[in-house]
Amino acid sequence: MSSSRPVDGAREAPRDENHVDPGPRPQFTLMPFPPIEAAKARALPAPLTLFIGRERELAALSALLRRDHVRLVTLTGPGGVGKTRLSLQLAAAMAERFADGVAFVPLASVRDAALVPSAIGIALDMEGGEEKPAQERLRDYLRDRAMLLVLDNAEQVLAAGASLVDLLVACPRLTLLVTSRAPLRISGERVFALSPLALPPRHAARQRAADRPPLAELAAVEAVRLFVDRAEAAASEFALTPENAEAVAAICERTDGLPLAIELAAARVSLLAPEAILERLELRLPLLSGGPRDQPARLQTMHDAIAWSYDLLSDEERDAFRRLSVFVGGFVIDAAEAILDATECDGKAAEPALEPAIFARGSVLDLVQRLLDQAVLSRQTGRAGEPRIGMLETIREFGLEQLRASGQERSARDAHAAWCLALAERAEPELAGPRQELWARRLEAELPNIRAALDWFATTGDASGALRLAGAVGWLWSTAPYLEEARGRFNAILALPGVDEAPAALAKLLVSAGDVADWQGDQPRARAHFERALALYRQLGDHHRAAGVLRGLGSSAIDVDEIDRALALLEESLALAREVEHDWEVAAATNLIGVARAIQGDLAAALEHHLVAAERWRRLGDTGHVVTALSSAGWVAMRAQEWQRAAAAYRESLQIATEGNDAWYVAWCVIGAGSIAAGRGDRERAARLLAAGIAERERLGMPLRPHIQAVIDQCVAGLQAAMGQDAFAAAVEVGRANSIAMAAAETAEFLTAIEQEAPDSSSTPAPYRLTRRERDVLRLVAEGRSDREIAELLFISPRTASSHVASIINKLGVDSRTAAAALAFRLGLG
């Protein structure tokens, strides 16, 4: 998978890759697309603590999910009751039941129900199909998959229920497990209300010693087991004893059996004995006795439990806790250092640095560790496996409440937004270098924080900050998983008062907005954004970026079949890029000119442009775009029947794509090899490889340019006619049954064998510089074939056939088809 698609196989990489100098859109796997065989290995978040109790609930939920007609289960309950932890345990236990695995979809940072499909796509590492809405891409991706999706923290996006029903209807093997404080209230939903942990026998804590349950019996109670486990983690010497059993039982009662509240209390045993913890708890949490333990009471208990833990923090710890609550989706330690170092007690915020002074690191690190020790913060694992620190959403809500009350919210959010901006602008140039994948992963991990920062810039009317931040992450957002969100975000930012006062930042965002519109097939909007950006860059005298926008306009013109206009724009882009010595942009414009030339039928010129672009990108170290150019070169050489050049280009492209886990280009190279096999008469292999590559392309949801799709369709139809229905169907069945890895291995072997063949003298340029394909066309012209007949016989489009004929007439210096045929006979070219 990569962030752009093959230029002659689909379309060029998004338009203004050079937001910075040099600025190619990174050609890497943002999150590696798992091969089919590895789908079940899609990791759930790794719990860092022991799962305690819930045996009854696990058994009941497992039985429920095993029923064929149950495909949507919602775990409900108050914050802190353990919904997320139970859902993860259940998903892990049920994984073997789902052939295509399980996936965890965190929704805590999603506030717009319309973005839930995009969030699911991101969690599935789903790429491609940019022209389709996220919901449609999801349906296509999940339609035939047997999967369990865990949608966590859905209470703020309950309106997404309709889209979930749509998925369940369209995808008969899909099952959803949702955690939410409230039911979705949609068709087919089974609600499972999660109760707190089992408590000791009622009032066991206040019974006479002789009447209390035995210690072993008390230790087996779920709430007590959880307290003891977490207490042992906080203080290794802790043990449940006859002397502290009464206090531990009372602590469990006063926390109402809520796991989060119990964990907060247990974390204190490193400083306080259970009896002392109980004494302090009684000041905050009066015993809930009598009457139903309904949800509002438990919510109040949870709030008071967090407040009790908060009260026990030192002034410095409370201050840090409040400020750190502005982070959404967790944070890394350098982010905490930047925020805590930058935010002063008088409410004024300094600009945070990504690399704080060394002397400050020790104190902040110690402070964070103390908050971890007291269970206010928790250790987390990011999507890419990196360590992070965060807060449970229930605790974070309390922290924000305290932050507002303290009068420090403005300074903390200013510092947080400034840190996000500094991170994004630092990451931007790195995305064009050797550490591009590392920085893309880091940006993806911080997207919840970046969203919060954009919201804050909008709230405070900071149009410049919003433009700069959104523009810096524009590359990431103008890819398939984020398109709907990006379009909404960009439109909202462009509507902010004052955007015209920051023309450079505005132009950059307009380019990203144009990319998004282009990927979604909205060419009028894309063109409008690009042209507005181009005017701004020309006013600013920024020729580097103007060259990129011209290229974007040229690629957009190709998409709407305005080839002459596209070539004019691309030639202007190329000249400007050469003038400012922007080598990356020179390569990009050169490659797209190759696409346009190929559409016109000038395959020799197209091949030359693609190979020149590949070499330039190779010198720049941009191996991802080397794959793009080589794949296009392979396609053009295949169409010209220059088999060894086609094989060499596709073989190198396949090697780089395989090493980079680039699933789309691997599939494209398999399709290319199948097309070569078809042209050489190796029909069974051709049908087998084409079937495997096309099946993988469909799985990835990556569309092709129409003229490319037409050629492939003609090739497949020709094979079917030549092989016969039964033989063709058998080869296709084998190809579709093979894994893409098997097809890629066969492709590599096949291409290598062609490269090693003795040079074919017939592949050298003929007199009048006719390519091999043009000689084939000329032979058919001499036979009196029409353009449509030529197209059908050579598996090309009628338009391409006509272009070939026009090129031949021009090269031969004649004025008609008849004259060309006559000259061909005289020179022996027919």
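Predicted model: local features only at pLDDT ≥ 70, side-chain atom pairs only at ≥ 80, totals over all residues.
Helices in this account are DSSP runs of at least four residues, numbered from the N terminus, and by that numbering D561 lies in the loop between α24 (543–559) and α25 (563–579).

**The chain as a whole**

The secondary structure of the chain consists of 38 helices and 7 strands. Of its 830 residues, 59% count as buried, and the accessible surface comes to about 31,600 Å², with 53% of that area belonging to carbon and sulfur atoms. Among the contacts in the chain with a separation of 6 or more, 74% are accounted for by residues 24 or more positions apart.

**Two helix pairs**

Two packed helices are described by the angle between their axes and the distance between the axes. The table gives these values for two pairs.

| Helix pair | Axes come within | Crossing angle |
|---|---|---|
| α16 (residues 409–430) and α17 (residues 436–445) | 9 Å | roughly 155 degrees |
| α24 and α25 | 8 Å | roughly 160 degrees |

How are α24 and α25 oriented to each other, roughly parallel or roughly antiparallel? Angles over 145 degrees count as roughly antiparallel, and α24 and α25 are therefore roughly antiparallel to each other. The crossing of α24 past α25 is left-handed. On the side of α24 the contact is made by H543, A546, A547, L550, R551, L553, G554, S555, A557 and I558, and on the side of α25 by I563, R565, A566, L569, L570, E572, S573, L576 and A577. Sorted by class, the residues of this contact are 12 nonpolar, 4 polar and 3 charged.

For the other pair, the crossing at roughly 155 degrees makes α16 roughly antiparallel to α17. Here, too, the crossing is described by its hand, and α16 passes α17 in a left-handed crossing. The residues W419, L423, A424, R426, A427 and E430 of α16 meet Q436, W439, R442 and L443 of α17, and the residues of this contact divide into 6 nonpolar, 1 polar and 3 charged.

**A424, a residue within α16**

One of the residues of α16 that meet α17 is A424. Is A424 buried or exposed? Residues under 20% relative accessible area are buried, so A424, at 0% relative accessibility, counts as buried. Apart from its neighbours within four places in sequence, A424 is in contact with L443, L469, A472 and V473.

Helix α8 (residues 245–254) is largely enclosed by the rest of the structure, because 9 of its 10 residues are buried. The buried residues of α8 are A245, A247, V248, A249, A250, I251, C252, E253 and R254. After α8 comes D256, which has a positive phi, near 60 degrees.

Helix α7 (residues 222–234) holds D229, and at 19% relative accessibility this residue counts as buried, because the cut-off for buried is under 20%. Leaving aside neighbours within four places in sequence, D229 is in contact with L50 and I52.

**Residues in loops**

Most residues other than glycine have a negative phi, and most peptide bonds are trans. Against that background, D561 has a positive phi of about 65 degrees although it is not a glycine. D561, in the loop between α24 and α25, counts as partly exposed at 45% relative accessibility.

N661 likewise has a positive phi, near 55 degrees, in a residue other than glycine. The place of N661 is in the loop between α29 (643–659) and α30 (663–679), and with a relative accessible area of 33% N661 is partly exposed.

What does R785 touch, not counting residues up to four places away in sequence? R785 lies in the loop between α35 (772–782) and α36 (787–794), where it touches L780, I790, L793 and R817, with those sequence neighbours left out. At 32% relative accessibility, R785 counts as partly exposed.

Note on methods:
Residues numbered from 1 in each chain as written. Heavy atoms only, no water. Helix = DSSP H or I, 4+ residues; strand = E, 2+ residues; numbered from the N terminus. Buried < 20%, exposed > 50% of the residue type's maximum accessible area, 1.4 Å probe, protein only. Contact = heavy atoms within 4.5 Å. Areas by Shrake-Rupley, 256 points an atom, 1.4 Å probe, with all protein chains shown as cover. Axes fitted to C-alpha atoms, helices over the stretch in contact; angles between N-to-C directions. Parallel < 35°, antiparallel > 145°, perpendicular 65-115°, else oblique. Left-handed = near helix turned anticlockwise from the far one by under 90°. Nonpolar A, V, L, I, M, F, W, Y, C, P; charged D, E, K, R; others polar.
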